[in-house]
Amino acid sequence: MPEGSSIGNIEWDILSSLKADSVVVGGLGVLSEVRVFYTPLGVLRRRVKNLSLKGARLNLSFSGSTKGRERSIPGLFYIEDFSVLGGCIQWEGREFLLNGKGRFFSTGDKLVLDVFKVSGSMDTLVFNITNGQLFIERLGSLIDMRELRIGHSKLRLSGDIGKRIEGKGRIYLRDLKTLFDIEGEGLVEVEFAYDSVLQFKGKSGSTSIEGFNLTPLEFQGTTDSIVINGPLFAGFLKVKDKMISGDFKLNGLNMKGFKEGLPESKLSGKVIFTYSGSENFKVKSAIQGTVEGAYLRDFNLDFEKMGERVIIYELEGYINGGRICFSGEYGALLKGDLEISGVEISPLLKYLGINGRALTYVDLNFQDKVYGVFSFDSLQYGSISIGLIDGNVNLLQKDGKFLGELTFVTQELLLKKNKIFEIGEGVVKLARQDMDFSGFVKSGEKQLDYSLRYFKDSLKLQELKIAYPGGWLMLDSPFSALLDKGIQIEEAKFKGNKSEKVGVFLDISDGDLAGRVKFDGFNLHVLEAFGLIDLPVSGVVDGLVTLSGKINKPAMSLDGNGRISWKGMGIGDSLNIELGYRDGSISLNDIVIFEGKKASRFRGSIDLLRNSLYVKADFDSAGRWIFYPLYEHIDARRVAVNGSVKLKGPLLALEIYGGVDILKGSLLLVGPGIEIENIAANIEFDGSRALLKSSCISMSEGVIDAKGVMNVRERSFDVKVNVDKTPLNWQYVNALIDADLTVSKKEEKLRIEGDVDLNKTTITMPFQKKGNGGTKLPNLFLNIKFDASRGNVWIRNDMADMELKGGVGVWYDGGALLLSGDLSVKQGNFYYFYRSFDVIKGEFEFRNSPELNPSIDIKAKTIVQEEDTVFLDVSGTMRTPQFELYSKPARATADIMALLNLNLSWEDFSSLKAIEESVTETAFNYWVRQTFTKRFKERFGIDLIEMRGKGGHYEMIFGQYITEKLFVKARADILSYGISEIEAEYRFRRWGSIIAANNPEGETRLLFKFRWRY
């Protein structure tokens, strides 16, 4: 045994076993018990069957070499079974508890320990060794452990313990907690060598160390110098005299991914730092990229922390297009100059949990006194927007606090894009223990004055007055809100100029919410005037709002009544409301709208989280308010609706069941300005379909009947429409029509098909009108035949007053137009060169025309003097007509022009009197046509009126449709009291009519007129 060894008690069976207690092995340690089992023959051969060590406490030191000293190696021996139970080995200041089995023998030159299996622990770290060998030689020790499991990690070690040990394996970083008290997660593959210095290299997957998350890395180095390479950063760390220094290049580093709680970022650039503790470090960086959505460019930061003092050598760069610059220090006082120019700070506010934005300008000097200016442009917080806040800073730094005033002005305060106030002023006073806020905002007759104080854990509202057109609401008496355990308002009372009263109680503590808001005679105009509601509602309400639940999951109930109007139009006579809110769902417990002795009622629920609802509505003579949601399209003048419907399902795929009857109604279609009188309808709902069982609409003297079906989900419909003597006003057309139409819509295309009969119709489209192509409607299809075979269709403009008959087909598909058909002139006049021509015949023809521009063929005449008749031929198209004049007897064009303009031939120009009379008569005739006849028709509703004559003798011709089939025409001298001629035409079929006429000579004639089409 080595020098300094000793043995306590010995029990010895000389033939088979030896037991020794308290064995001291010099230079190694103590064994509490040693047992040896052998045979006499084995002893002679230096072989031991079993050696068991219990309670071994050994101190191993493998540092350095033997420095030339040889170990004493025992002679040959062989221990077949070597076991350790409850052993403790001390190495490098750590204790390893172990149990194991192996084989131990000496070759004379070295000791060999074959490890079969060893298990043990160090603190809470468990390790296992299998299939290992230890060679102890005179001048050194060799080790070869093929599998060493430490916790979850697995290593292989080999080498000369006194000189160099090499290893490799896979290390699970969670084992660092036991070895070095470092939190870690992930896997590292490593190779290392240890002589006097530990050298290593390796690579890792995604790992985490002390909360810092690392992407896959490659590394190499020693315990005092590490080079790291990764996709997001690369550089080195050095450790010297307990100081860590680093130099890293960043390439798209996300700080939030690096450590939870840091901002979301993508940074590139360079960072140099030294770190010798949390109170002493230095950082210098030049970076660019994004941080929480803020774009950084040429951003330089150079600062040093020395205990309680932080020196900022440089903070300069561009953020979101604006510039920030600061240099100074922070210790007992903040000193330096801060300049911010045009920095958009929404990313910073978002990081702080504030939904806002602003363009910021700051110019401040920090010394004992802090003075300067600040400005926030286009500030937004949630639904509140402020165009501009400009302020001045005048503060004093004392004992780590800022004391003094901040004064500011505001411009354009908006709530949900509605301008509430135009200007405002305010001041914030900072004292040692409290802050005072006071000021006003105003716009026209609207103004809000406020004054409040924050002191320790309470907020005292000293003044609050809201003025609006026609009234005001103000705080009845000051009140305080306790903030130490949340928000507690025992009671806040408000009063108005019209006896309005509002009382508020609120208690928010530990996340619990309790409160009440009671209002008596509250004027809803306050909410509308200040943009708190977007709907145009007004009125006076009484009620109680009860608050409960959690602050992050509030619940509410409302029980109230009042009189409410929409855009100045009352919703019934009065209403009662009982509703609640909890967990994202609104319960419509009971909403009743009273109208006289009738009442309409709503019950159900609206799930705001799932965007679905279930509502049952019962209507009992519901009035015009039922159409208020469609006020931009429909103005309900008078209406009464009965019925019951159920609405349920998702809001975007709502299903409706039940039915309603519109008993009577008068509506105005706002867009086209069409008034619908005495509407009555029956509508049934079946899920996604609405069935128009019947409807009857009166428009002037006309009636429209419609039946059909609408698929609400598919947004399609198919309706059959019958029109009887209904007015139609569209562009140049004013008509009474009869029609049988099919109106349908499917896949966004509206289709209108059928037949339209034109009754009394006036077309005012002028000749020579320039076309502009019109607006193309890609989702419209028309296939309509217009029938004017019964006449009474008049084209009236500056050049014509003619009755037409015939028919025109209109086909239109997504912007492509085709017109086909013809209209013939039944009677009338054409005006040319200030003369009225009697139309002999005329045709307007459409031959698959792509525009409203028919070809025309009109022949007309006028008698100038008793012996002169001038003829006019009009050809071409309506927009580009061509005119040709000739006379009987034939005259030169110049003579015809003279006849038409002055009713004179060239020979008559020699008479000055004739010229004077002709000019007077021409001017009179022009006034008759342009002014008199037009106003006469408008005033008396006459279909046909003409005035003819010369030389002071004039006669008037009147024509009027008495019925659809009977047209009466009469002629009379303008100064006589009797009718000189009368004519009546009765159309008894489309193909014929009978005419009765009486002339001034008293002769009566009867004519039959027939027409065939072939």
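What is the order of the strands in the open sheet of three strands?

## A three-stranded sheet

The order is S12-S15-S16, and the pairing in this open sheet is antiparallel. Strand S12 covers residues 184-185 and strand S16 covers residues 212-214; each stands at an edge with a single partner strand, so one side of each has no neighbour in the sheet. The structure described here is a predicted model.

S12 and strand S15, residues 207-209, run antiparallel and are joined by two bridges. Within this part of the sheet, Glu185 lies opposite Ser208 of S15.

## The nonpolar core

The largest nonpolar core contains 195 residues. Met802, Phe830 and Phe844 are the residues with the most contacts inside this core. In soluble globular proteins, nonpolar side chains tend to be buried together.

Which residues does Met802 contact, once its neighbours within four places in sequence are left aside? Phe830 and Phe844 are both among them. Met802 is also in contact with Val793, Trp794, Ile795, Val825, Gln827, Gly828, Asn829, Val839 and Ile858.

Ile763 belongs to strand S54, which spans residues 749-763. Is Ile763 buried or exposed? Its relative accessibility is 19%, and a residue under 20% is classed as buried, so Ile763 counts as buried. Leaving out residues up to four places away in sequence, Ile763 touches Tyr732, Val733, Val793, Trp794, Ile795 and Arg796.

Ser451 sits in strand S33, made of residues 446-455. With a relative accessibility of 15%, Ser451 counts as buried. Residues up to four places away in sequence not counted, Ser451 touches Phe437 and Ser438 as well as Lys460, Leu461, Gln462 and Glu463.

Which residues make the nonpolar surface patch of about 580 Å²? They are Ile7, Ile10, Trp12, Ile14 and Leu15.

Leu15 is located in the loop between strand S1, residues 10-13, and strand S2, residues 17-25.

How values were computed:
Residues are numbered from 1 along each chain as its sequence is written. This is a predicted model: local features need pLDDT of at least 70, side-chain atom pairs count only at pLDDT 80 or more; totals for chains, interfaces and linings use all residues. Side-chain values use heavy atoms; hydrogens and water are left out. A nonpolar core is a set of buried Ala, Val, Leu, Ile, Met, Phe, Trp, Tyr and Cys residues joined through side-chain atoms within 4.5 Å. Buried means under 20% relative accessible area, exposed over 50%, partly exposed in between (1.4 Å probe, protein chains only). Contact means heavy atoms within 4.5 Å. Two strands pair if DSSP finds at least two bridges between them. Helices (H or I, at least four residues) and strands (E, at least two) are DSSP runs, numbered from the N terminus. Patches are made of residues with over 30% relative accessible area and no salt bridge: like charges are joined within 9 Å, nonpolar side chains (Val, Leu, Ile, Met, Phe, Trp, Tyr) within 5 Å. Accessible areas come from the Shrake-Rupley method with a 1.4 Å probe; for residues, only the protein chains shown count as cover. A salt bridge is a side-chain nitrogen of Lys or Arg within 4 Å of a carboxyl oxygen of Asp or Glu.
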